[in-house]
Amino acid sequence: MPARAGAAPAVAMTLPEMGGRRASYRERIGEALRAAVIAGELAPGKVYSVPVLAEQFGVSATPVREAMLDLVKEELVEPVPNKGFRVKVVSEAQLDEYTKLRELIEIPTTVALATTADLADIEALRPLAQAIVDAAAEEDLIAYVEADMRFHLEMLALSGNATLVETVRNLRQRSRLYGLTALMELGELEESAGEHLEILHGLLTRDPEYVRQVMELHLSHVRGSWAQPS
């Protein structure tokens with residue numbers, strides 16, 4: 001569908017399932033838009049019209065506008081009077097800072113789970129890890145980012161530290177994974193997706209060192225292959 005004058009081109013949008021739980025249109029649209037920003041499907045610096053996005057979702061403008069206002073609070077987008085919302089540009093220095101903080105928090109926390117988390121709780125994460133692999137195979141970047149976010153946050157929640165989980169959620173939302181498109185075009189996204197299953201393997205076999213190695217590799221992509229613009 002063509003974009004209206006003064007707005008960026010349309011981006012294909014579908015509503016996420018939200019892990020099977022009931023959610024409002026506002027929540028579901030917000031999740032899809034947030035993932036689109038992180039993946040670079042909604043391009044930094046471009047302005048997107050609420051009516052155009054609403055048409056793509058097949059809903060009224062109200063839940064889309066509400067969802068975009070939520071993203072304004074998260075500093076992912078900014079309002080542009082009489083035009084819509086502009087996706088905020090994140091500097092290389094900011095991305096480096098976010099990644100470093102994530103490494104300091106996520107790696108040791110996940111490694112610790114190899115000896116502290118209940119095996120049944122770890123195994124319960126498998127459907128999410130598989131959803132990431134499936135999204136990569138289907139070349140659905142928005143579904144990939146959504147499933148990736150849920151997997152890591154639910155895994156970190158096994159630590160019992162809610163503040164830590166919210167901190168990582170905020171850092172992940174501020175991150176950008178523009179290079180996912182290039183990986184998909186090269187046929188390498190499924191390989192990266194498979195790392196989530198490797199993390200589960202290390203946790204289930206109670207192998208902290210293996211988990212550390214996979215997590216270090218996994219997060220290195222954030223400022224490596226995943227970060228490069230397509």
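Student: Where do I start, and how far can I trust the model?

Tutor: This is a predicted model, in which local features need pLDDT of at least 70 and side-chain atom pairs count only at pLDDT 80 or more, while totals for chains, interfaces and linings use all residues. Residues are numbered from 1 along each chain as its sequence is written, and side-chain values use heavy atoms, with hydrogens and water left out. Over residues 1-10, however, the pLDDT is below 50. In the model that stretch has 18 contacts beyond near neighbours in sequence, a contact being heavy atoms within 4.5 Å. Where pLDDT is low, the predicted coordinates should not be read in detail.

Student: How many helices and strands does the protein have?

Tutor: Helices (H or I, at least four residues) and strands (E, at least two) are DSSP runs, numbered from the N terminus. The protein has twelve helices and three strands. Of the contacts with a separation of 6 or more, 73% are between residues 24 or more positions apart.

Student: And what share of the protein is buried?

Tutor: Buried means under 20% relative accessible area, exposed means over 50%, and partly exposed is in between, using a 1.4 Å probe and protein chains only. Of the 230 residues in the protein, 47% are buried.

Student: Which residues of H2 are buried, and what do they pack against?

Tutor: The buried ones are Val 50, Val 52, Leu 53, Ala 54, Gln 56 and Phe 57. They pack against helix H1 (25-39), strand E1 (47-48), helix H3 (61-73) and strand E3 (84-87). Just after H2 comes Gly 58, with a positive phi of about 75°.

Student: How do I describe the way two helices pack?

Tutor: Look at their axes, which are lines fitted to C-alpha atoms over the stretch in contact; angles run from 0 to 180 degrees between N-to-C directions. For H2 and H3 the axes are 8 Å apart and the angle is about 115°. Next comes handedness: a crossing is left-handed if the near helix is turned anticlockwise from the far one by less than a right angle, and right-handed if clockwise. H2 passes H3 in a right-handed crossing. From H2, Val 50, Leu 53, Ala 54 and Phe 57 meet Ala 61, Val 64, Arg 65 and Met 68 of H3. These contact residues divide into seven nonpolar, no polar and one charged. In this grouping Ala, Val, Leu, Ile, Met, Phe, Trp, Tyr, Cys and Pro count as nonpolar, Asp, Glu, Lys and Arg as charged, and the others, Gly among them, as polar.

Student: What about H6 and H7: at what angle do they cross?

Tutor: The axes of H6 (residues 126-137) and H7 (residues 141-157) come within 8 Å and cross at roughly 160°. That makes H6 roughly antiparallel to H7; angles under 35 degrees count as roughly parallel, over 145 as roughly antiparallel, 65 to 115 as roughly perpendicular and the rest as oblique. The crossing of H6 and H7 is left-handed. Residues in the contact include Leu 128 and Ile 132 of H6, and Tyr 144 and Phe 151 of H7. The contact of H6 with H7 has ten nonpolar, no polar and three charged residues.

Student: Where is Glu 139, and what is its phi?

Tutor: Glu 139 lies in the loop between H6 and H7. Its phi is positive, about 55°, although Glu 139 is not a glycine.

Student: Could we finish with a single residue? Is Val 87 buried or exposed?

Tutor: Val 87 is in strand E3, and it counts as buried because its relative accessibility is 2%. Leaving aside neighbours within four places in sequence, its contacts include Val 37, Leu 42, Tyr 48 and Leu 76. Val 87 and Gly 40 are 47 residues apart in sequence, yet 9.5 Å apart in space, C-alpha to C-alpha.

Student: And Leu 204, for contrast?

Tutor: Leu 204 is in helix H11 and is partly exposed, with a relative accessible area of 24%. Not counting residues up to four places away in sequence, Leu 204 touches Leu 119, Ile 122, Glu 123 and Arg 126.

Methods:
pLDDT = per-residue confidence, 0-100.
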